[in-house]
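Please give me a short tour of this structure, under plain headings.

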Amino acid sequence: SDHFDGIKSTTVHQVHAMLGCQTIGLQDDKRRAMVLMNNVLGGPALNSRLNLNIREKYGYCYYIESNYTPYSDCGIFQVYFGTDRRYQKRVTRLIQKELNLLMDVKLTDRTLKSAKVQLLGQIALAQENRVNFMLSLGKTLLNFDRVDLFEEIVEDIETIEAKEVQDLAQASFHNDQISYLSYIPNKRAND
């Protein structure tokens, strides 16, 4: 229906889909490697693999991203995309191809170095927003009973190795571990 409590809603034309899996949590030493891998795959930058290889190359999606959210006992990794109904299966296959690539092929030294620089830049920029910075410090204090200095974060990120990223992908992204959810709008007469 296009109406909700007397308010006309915007008609949804695209499929909205998400695939994801359970992964490592906040207490895992490899969580920063997971953040780095997420950035490479589909993080906030336009040079992420999902953005370049699905959105830019094929034009199947206007919006596609991946997210990693760590909790105290486990984490959630997810890829979200919106696409036309006719592209849904193609986009899903292309995402799985990118996940398989992370499992099968280690990041090159150049890619790894570039990803580290980009992640450190994002962290540095985030610290310029004082409200977000204070919230981040508070969360870190609550979760770890200490606050990492920026220099410690840099050191942790600099020590991440390509094999560590590949091992995380292999532990998380097998087909039998991936769940899929989609919203497919009703087909209209002119679709």
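## Helix 4 and helix 6

Helix 4 passes helix 6 in a right-handed crossing. A crossing counts as right-handed if the near helix is turned clockwise from the far one by less than a right angle, and as left-handed if anticlockwise. From helix 4, the contact uses Lys-116, Leu-119, Leu-120, Ile-123 and Ala-124. From helix 6, it uses Phe-150, Ile-153, Val-154, Ile-157 and Glu-158. Contact means heavy atoms within 4.5 Å.

The two axes come within 10 Å and cross at roughly 160°. Axes are lines fitted to C-alpha atoms, for helices over the stretch in contact, and angles run from 0 to 180 degrees between N-to-C directions. Helix 4 and helix 6 are therefore roughly antiparallel. Angles under 35 degrees count as roughly parallel, over 145 as roughly antiparallel, 65 to 115 as roughly perpendicular and the rest as oblique.

## The model and the chain

This is a predicted model, in which local features need pLDDT of at least 70 and side-chain atom pairs count only at pLDDT 80 or more, while totals for chains, interfaces and linings use all residues. Residues are numbered from 1 along each chain as its sequence is written, and side-chain values use heavy atoms, with hydrogens and water left out.

The chain has seven helices and six strands. Helices (H or I, at least four residues) and strands (E, at least two) are DSSP runs, numbered from the N terminus. Read from the N terminus, the order is β-β-β-α-α-β-β-α-α-α-α-α-β. The chain has 191 residues, and 36% of them are buried. Buried means under 20% relative accessible area, exposed over 50%, and partly exposed in between (1.4 Å probe, protein chains only). Take the contacts between residues at least 6 apart in sequence: 73% of them join residues at least 24 apart.

Helix 4 covers residues 109-126, 18 residues in total. From first C-alpha to last it reaches 26 Å, close to the 26 Å expected at 1.5 Å a residue. The expected span is 1.5 Å times one less than the number of residues.

Which residues of helix 4 are buried? They are Leu-112, Ala-115, Lys-116, Leu-119 and Leu-120. An α-helix has 3.6 residues a turn, so residues three or four places apart point the same way. The face turned away from the buried side carries the exposed residues Arg-110, Lys-113, Val-117 and Leu-125. The buried residues of helix 4 pack against helix 1 (31-42), helix 6 (150-158) and helix 7 (162-172).

## Helix 1 across helix 4

Helix 1 and helix 4 pack at an angle of about 105°, with their axes 10 Å apart. They are therefore roughly perpendicular. Helix 1 brings Arg-32, Val-35, Leu-36, Asn-39 and Val-40 to this meeting. Helix 4 brings Leu-112, Ala-115, Lys-116, Leu-119 and Gln-122.

Val-40 is part of helix 1. Val-40 is buried, with a relative accessible area of 9%. Beyond residues up to four places away in sequence, Val-40 touches Ser-48, Arg-49, Leu-107 and Ala-115. Thr-111 is 71 residues from Val-40 along the chain, yet their C-alpha atoms are separated by 8.4 Å.

## Helix 2 and Arg-49

Arg-49 lies in helix 2 (residues 49-58). In this helix, Arg-49, Leu-50, Asn-51 and Ile-54 are buried. The buried residues of helix 2 pack against helix 1, strand 4 (61-70), strand 5 (75-83), helix 3 and helix 4. Leaving out residues up to four places away, the contacts of Arg-49 include Val-40, Glu-98, Leu-102 and Thr-111. Just after helix 2, Gly-59 takes a positive phi of about 70°.

## Helix 3 and helix 7

The axes of helix 3 (residues 88-104) and helix 7 come within 7 Å and cross at roughly 130°. The two helices are therefore oblique to each other. Their crossing is left-handed. Leu-102, Met-103 and Asp-104 of helix 3 meet Gln-166, Ala-169 and Gln-170 of helix 7.

Is Gln-166 buried or exposed? Gln-166 is buried, with a relative accessible area of 9%. Among the residues it touches, not counting those up to four places away in sequence, are Val-105 and Lys-106.
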